[in-house]
Every structure is written in C-alpha cells, then in structure tokens.
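Subject: Structure handover

Hello,

Here is the structure I promised to pass on. My notes follow below it.

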Amino acid sequence: MLDLHKTPHRRWNPLLRDWVVVSPQRTQRPWQGHIEKLAAEPTPKYDPNCYLCPGNSRAGGHKNPNYSSTFVFDNDYAALLSDSPAARVNESSLIIAESERGICRVICFSPRHDLTISNMGLDDVTTVVRLWSEQYRELGATDWVRHVQIFENRGEIMGASNPHPHCQIWATHSIPQAPSRELASQREYFEAHRACLLCDCINIQEAEQSRVVCGNNGFTTVVPFWAVWPFEVLLLSRRHLGSLPELKDAEIVQLAEALKQIVSIYDRVFGVPFPYSMGFHQAPSDGPQHHEWHFHAHFYPPLLRSATVRKFMVGFEMLGNPQRDITPELAAEKLRSLADGVK
C-alpha cells in the first residue's frame, strides 16, 4: 500500500496527462513557512503616473476616460494582431511555423489604484465577473476566434509591474496548448466513462476532504491531487457547465465570493499580498458544443516558504518532471486553517 504522506511517489494529472513527483519525506514537519513582514510603500487610491488610472494617458498615447467602475480597452502593445495574414512555413516537417491571429484586451477591475480582488466589495467583484462573461460572449462570437483566455497576473514577481487591479483577455485563432490538452483529456474521459472528468474529481475531493480549501453552493476550491506549485488551487463550478455565460445570476455572485475568498486566504499565508497567475479555462468557441468541458480556474502562486522564497522550476523539473516537497494535502491544510473569518 502506497503511503502518500511518507513515500516518494509521482502523481498523474488527468487534465494535462503528465506526472508530478512528490517527495513528502523532505518535509516531515507539517509547516515550515513563516510570516515575513515586508516594508511596503502605501498604495494611493489614485496614482497620476499610472497608465491604468482614470483620466491618465497610456503609453500608447490614448487617454483613459474618467471611468467609475470597470474599464476595458484593446491592449496598446498587443502580443497578437487581429489582421495578421494567414501564412505557414514547413521545412521537412521539422521547421514549422504558422501565423496566429488574436485580440488582446485589458480590463481594469476598478478606478481605485489601491484595491485587489481580496479587498474589493463583493458587488464590485460581481461586476467584474459579469464583464468577463460579456467579453467571452463577444469575442467568442468572432468568426475566427476559437479560444478566449481570461487571466490575471498579480504581483511584480509574476511580471505585473503595475499594481492597479486589472487582468487581460487574449482571444486566439487556435486553441492554446494547455486548454487543448485539457480538451482532449476531458473528451477522452467522457467517451470512456460517459461522465465528466472534473465532476468526478469534485466528488472524490469532497468525499476525502483532505484537499478541499473552501467553497460555497456554486463553487469549490481545492488543491488538486496533482498540484505542481506549492499552493496551487483549482476553482471548480459545482454544476456542470462550460463557460461564464452559462452561469445563473446566483452563481455569478457565488463565483465572485469564491474568488474573494481564495485571494483573501492567499494574503494570509505569509502576511503579504500573495502573487499568482490565475486563468479561467472555458469551453472553446470553435463551433461545436463541448458537453465534456467543465468550467474551472487555475491559480498558480510561486511562493514556497516565505514572502521572499519562491519556487523555481530548475534542474530535474526542467529536464524531467515537476517535483514538490510539501504535499497537496499539507498545502490544503495550511490554506484551510486560514479560511476562518474570510468572506
């Protein structure tokens, strides 16, 4: 019998169909982290030098309106362009390239420069969720767009040089690699079992409870069994659905609650605003119905043992498999212990 708490082992990720090595014997104590208070400059409500604050000019020369709620605009320095011409290179099936069309947008969550999802009001986060849904519907209806990726990079360590609360949306002609692999896995599982892969994962997680962090009637947040990052979580809709526009009014509010809750818990881990990359994986907008797809969001935070110690993918992890010491069960236990009083 394999002892998951003591014996080195590897765990299978059924969504991406790859492995992560887990080395629980390297952390015999339940928790080795510590809160490390960092001196931080107070963040103003309005920053005249911020290119996302209302009324300010952006780097590309455009001036923001004096918005009072959310604000969405096309990225001034977009990574992808909607008018890229179709073209392809193929030399002996080894040197292959093809053009990629895309639409890149930025969404400001609030006119306030000093807020994050954790300290925004629930009504304001709900407004953001509704805007995400509208953007997914609009961009997904574009005839050549096959995938809409909504994501947030929080914190300078994740490459977000501007602390103003915002996220990005990339709508692309092709389905990117990670969701493409997830699509194939969910389709294969559905065809083999006539059931949803992530619905079954929710049932297992909630029966065991050891990796459940928090939740409400509409959503559950868990550290996945196959987690790679130290405090990685998976936020899942309890009802089987494929994308944001399918949410009922009550579920929109519940998603806002779930987002506020997990980000607030993160901020308690080391007593600092917790950096992460977060993204929603939704059904592709490539035409056919994807009944196998289950709506979810990934949170990938890099911090390991303190506010200044992060995990790097190096050595064996770059050349072989990802590896972790703190088990997903211990990570969930730590996050769960910080959930009391978080709304």
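Is Arg58 buried or exposed? Arg58 counts as buried, at 9% relative accessibility. Here buried means under 20% relative accessible area, exposed means over 50%, and partly exposed lies in between (1.4 Å probe, protein chains only).

Two points on the source. This is a predicted model, so local features need pLDDT of at least 70 and side-chain atom pairs count only at pLDDT 80 or more, while totals for chains, interfaces and linings use all residues. Residues are numbered from 1 along each chain as its sequence is written, and side-chain values use heavy atoms, with hydrogens and water left out.

Salt bridges

A search of the whole structure finds 16 salt bridges. The term means a side-chain nitrogen of Lys or Arg within 4 Å of a carboxyl oxygen of Asp or Glu. Arg58 forms one with Asp76 (2.7 Å, N to O). The two sit in distant parts of the chain, 18 residues apart. Arg58 is in the loop between β2 and β3, and Asp76 is in the loop between β3 (71-74) and β4 (88-91). Asp76 is partly exposed, at 25% relative accessible area.

Asp74 and Arg105 make another salt bridge (3.0 Å, N to O). Asp74 lies in strand β3 and Arg105 in strand β6 (residues 102-108), so the pair ties together parts 31 residues apart in sequence. Asp74 is partly exposed at 46%; Arg105 is buried at 14%. Arg11, Glu208, Arg211 and Glu329 are linked in a network of salt bridges.

Helices and strands are DSSP runs, numbered from the N terminus: H or I of at least four residues for helices, E of at least two for strands.

Cores

The largest nonpolar core has 63 residues. A nonpolar core is a set of buried Ala, Val, Leu, Ile, Met, Phe, Trp, Tyr and Cys residues joined through side-chain atoms within 4.5 Å. Trp132, Leu255 and Phe299 touch the most other members. Helix α4 (residues 249-269) supplies the largest share, 10 residues. Apart from this core lies another, of 15 residues, including Val20 and Leu198.

Contact means heavy atoms within 4.5 Å. Beyond four places in sequence, Trp132 is in contact with residues including Ile107, Ile150 and Phe280.

Strands and sheet

Strand β7 (residues 147-154) is mostly covered, with seven of its eight residues buried. Two strands pair if DSSP finds at least two bridges between them. β7 pairs antiparallel with β8 (residues 166-172) over five bridges. Ile150 has Ile169 as its bridge partner in β8. β7 also pairs antiparallel with β12 (residues 276-281), again over five bridges. There, Arg154 partners Tyr276.

An open sheet of three strands runs in the order β1-β2-β16, with mixed pairing. β1 and β16 stand at the edges, each with a single partner strand, so one side of each has no neighbour in the sheet. β1 and β2 (residues 18-22) are antiparallel and joined by five bridges.

Helix α6

Seven of the 10 residues in α6 (residues 328-337) are buried. Glu329 and Leu330 are among them. The buried residues pack against β1 (9-13), β9 (212-215), β11 (233-237), α4 and β16 (323-324).

Phe312 lies in the loop between β15 (309-310) and α5 (316-319).

Best wishes
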